[in-house]
Amino acid sequence: MVQCASRRADRTPCASCCHNPSISTGHGGALSDASVVETDSRGPAYRRWLLSWTTTRTCAEAFERPLRSAGISVRTFVSGTTFLHAVRAYKPDCVVVDLHMPGIDGFEVLLRLARDHAGLPVIVMTGHDTPESRSRALAGGARSYLCKPIDDEVLLTAISAAIGP
């Protein structure tokens, strides 16, 4: 994994690569970090943070591209444990969880998020759709259940609905 030479101890983004959405870095176990600051009703420097957990760098890059274009800061992780630690550290506006992952699976992550971060919007994605998975994810608190491949507009609509205005 490529590590950014400018990584700061306080985990704030560096100027050389983290503000450039075309460059992927390896901060803190994340596959990439794009720190886009936008203005909204919550103040001039409010960040719309989204954390994602997916299987590979290729999946992460494809997933992140439309989000960055929409002005959403995103960090993607390949470890469920690291992902759960990052949720505590970053306090994201929304998280996207892949259901079928090695080790700790998306259902367990969904359960832990509901227990430890009640109210945090969770979007579930899967490449293995079944009626049981859909029911279980929605009953576990997922705001949306998306089947791969996911259209960019569908993903952005789901995130907007989960985060709100």
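Helices α1 and α5 pack at an angle of about 65°. Their axes lie 10 Å apart. This is a predicted model. The crossing of α1 past α5 is right-handed. On the α1 side, Phe63, Pro66 and Leu67 make the contact. On the α5 side, the contact residues are Asp152, Leu155, Leu156 and Ile159. Sorted by class, this contact holds six nonpolar residues, no polar ones and one charged residue.

Now follow α1 itself. The helix covers residues 57-69, 13 residues in total. From its first C-alpha to its last, α1 reaches 18 Å, close to the 18 Å expected at 1.5 Å a residue. Just after α1 comes glycine 71, with a positive phi of about 85°.

Which residues of α1 are buried? They are Ala60, Phe63, Glu64, Pro66, Leu67 and Arg68. The cover over these buried residues includes helix α5 (152-163). It also includes four strands: β1 (49-53), β2 (73-77), β3 (94-98) and β4 (122-126).

Strand β3 leads on to the salt bridges. The count comes to five. One of them joins lysine 148 to aspartate 98, with the closest N and O atoms 2.4 Å apart. This pair links distant parts of the chain, 50 residues apart. Aspartate 98 sits in strand β3, and lysine 148 in the loop between β5 (144-147) and α5. Lysine 148 is partly exposed, with a relative accessible area of 33%.

Arginine 112 pairs with glutamate 108, the closest N and O atoms being 2.9 Å apart. Both residues lie in helix α3 (residues 106-116). They are four residues apart, about one turn of the helix. Arginine 112 is partly exposed at 29% relative accessibility. Glutamate 108 is also partly exposed, at 27%.

A further bridge brings together the side chains of aspartate 129 and arginine 134, at 3.5 Å from N to O.

Definitions and conventions
Residues are numbered from 1 along each chain as its sequence is written. This is a predicted model: local features need pLDDT of at least 70, side-chain atom pairs count only at pLDDT 80 or more; totals for chains, interfaces and linings use all residues. Side-chain values use heavy atoms; hydrogens and water are left out. Helices (H or I, at least four residues) and strands (E, at least two) are DSSP runs, numbered from the N terminus. The expected span of a helix is 1.5 Å times one less than its number of residues. Buried means under 20% relative accessible area, exposed over 50%, partly exposed in between (1.4 Å probe, protein chains only). Contact means heavy atoms within 4.5 Å. Axes are lines fitted to C-alpha atoms, for helices over the stretch in contact, and angles run from 0 to 180 degrees between N-to-C directions. A crossing is left-handed if the near helix is turned anticlockwise from the far one by less than a right angle, and right-handed if clockwise. Ala, Val, Leu, Ile, Met, Phe, Trp, Tyr, Cys and Pro count as nonpolar, Asp, Glu, Lys and Arg as charged, and the others, Gly among them, as polar. A salt bridge is a side-chain nitrogen of Lys or Arg within 4 Å of a carboxyl oxygen of Asp or Glu.
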